[in-house]
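Please look over the structure below before reading on, and keep it in view while the paragraphs lead you from one residue to the wider arrangement around it.

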Amino acid sequence: MKDFVQILKDDLEKGYSKSDLERLIGLPQNCLSGVIKGVKELSRKSEIKIEQWEVSEKPNPLQVYFVKKNVTENNLQEKKERILAERNGLPKEKAKQAYPLKTSEVNIKKHHLWKEGDPKEDSGSFFLRYGCFTYAELENLQK
């Protein structure tokens with residue numbers, strides 16, 4: 001059986017940081033500290049990832065900096081403000097309040113056969129309930 005902790009320690013000596021190794025290997029964040037100290041054990045899934053890491057071509061530890069650089073560029077103040085503006089936009093309820101229904105839309109005269117909860121005319125639900133598509137057809141059927 002391979003000593004996975006020793007593989008990780010060797011990579012740390014080569015210049016990788018723990019967070020870089022976690023990111024590059026695909027391990028959960030902050031898991032290597034406990035594993036290297038011997039407090040935690042590696043899962044089988046993590047062991048498989050470390051085996052794949054061991055046989056793969058490794059990037060230069062000094063070139064891993066670009067990952068961190070991209071993260072810092074994405075955290076620029078302008079981008080943060082745009083994201084917060086999108087996230088803190090008006091919820092749907094307030095957007096409806098901003099454009100309330102007109103009184104003409106609210107006081108639309110209903111057909112005398114209309115009941116609360118009826119489906120819309122010309123819909124499949126209306127046909128399934130009444131066997132026709134409109135209140136006029138329904139009225140003719142009832143005669």
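This is a predicted model: local features need pLDDT of at least 70, side-chain atom pairs count only at pLDDT 80 or more; totals for chains, interfaces and linings use all residues.

Residues are numbered from 1 along each chain as its sequence is written, and side-chain values use heavy atoms, with hydrogens and water left out.

Is Leu32 buried or exposed? With a relative accessibility of 0%, Leu32 counts as buried, a word that means under 20% relative accessible area, whereas exposed means over 50% and partly exposed lies in between (1.4 Å probe, protein chains only). If residues up to four places away in sequence are not counted, Leu32 touches Leu8, Lys18, Leu21, Glu22 and Leu27, where contact means heavy atoms within 4.5 Å.

From Leu32 we can move on to Leu42, which is 10 residues away in sequence and 8.9 Å away in space, C-alpha to C-alpha. Leu42 lies in the loop between helix H3 (32–37) and helix H4 (44–55), and with a relative accessible area of 17% Leu42 is buried. Its C-alpha atom is also separated by 8.8 Å from that of Cys31, which is 11 residues apart from Leu42 along the chain. Which residues does Leu42 contact, once its neighbours within four places in sequence are left aside? They are Phe4, Val35, Glu47 and Ile50.

Phe4 brings us to helix H1, whose buried residues are Phe4, Ile7, Leu8 and Asp11. Seen down the axis of H1, these buried residues fall within an arc of 95 degrees, so they line one face of the helix; the arc is that of the directions from the helix axis to the C-beta atoms. What covers the buried residues of H1 includes H2, H3 and H4.

One of these buried residues, Asp11 in helix H1, has a relative accessibility of 2% and therefore counts as buried. Not counting residues up to four places away in sequence, Asp11 touches Tyr16, Leu21, Trp53 and Lys58. After H1 comes Gly15, whose phi is positive, near 125 degrees.

Next, consider how helices pack against each other. In general, two packed helices are described by the angle between their axes and the distance between the axes. Helix H1 (residues 4–14) and helix H2 (residues 18–25) pack at an angle of about 120 degrees, with their axes 10 Å apart; axes are lines fitted to C-alpha atoms, for helices over the stretch in contact, and angles run from 0 to 180 degrees between N-to-C directions. That makes H1 oblique to H2, because angles under 35 degrees count as roughly parallel, over 145 as roughly antiparallel, 65 to 115 as roughly perpendicular and the rest as oblique. The contact is made by Leu8, Asp11 and Leu12 of H1 and by Lys18, Leu21 and Ile25 of H2. These residues divide into four nonpolar, no polar and two charged, where Ala, Val, Leu, Ile, Met, Phe, Trp, Tyr, Cys and Pro count as nonpolar, Asp, Glu, Lys and Arg as charged, and the others, Gly among them, as polar.

Helix H2 also meets H4: the axes of H2 and H4 come within 10 Å and cross at roughly 95 degrees, which makes H2 roughly perpendicular to H4. Here the contact is made by Leu21, Leu24 and Ile25 of H2 and by Lys49, Ile50 and Trp53 of H4, and its residues divide into five nonpolar, no polar and one charged.

Two loop residues deserve a look as well. Asn30, in the loop between H2 and H3, has a positive phi of about 60 degrees although it is not a glycine, and with a relative accessible area of 62% Asn30 is exposed. Asp122, in the loop between helix H8 (103–106) and helix H9 (124–130), is likewise a residue other than glycine with a positive phi, near 65 degrees, and at 58% relative accessibility Asp122 counts as exposed.

Finally, step back to the protein, in which there are 10 helices and zero strands. Buried residues make up 22% of its 143 residues. Among contacts between residues at least 6 apart in sequence, 45% join residues at least 24 apart.

Methods
Helices (H or I, at least four residues) and strands (E, at least two) are DSSP runs, numbered from the N terminus.
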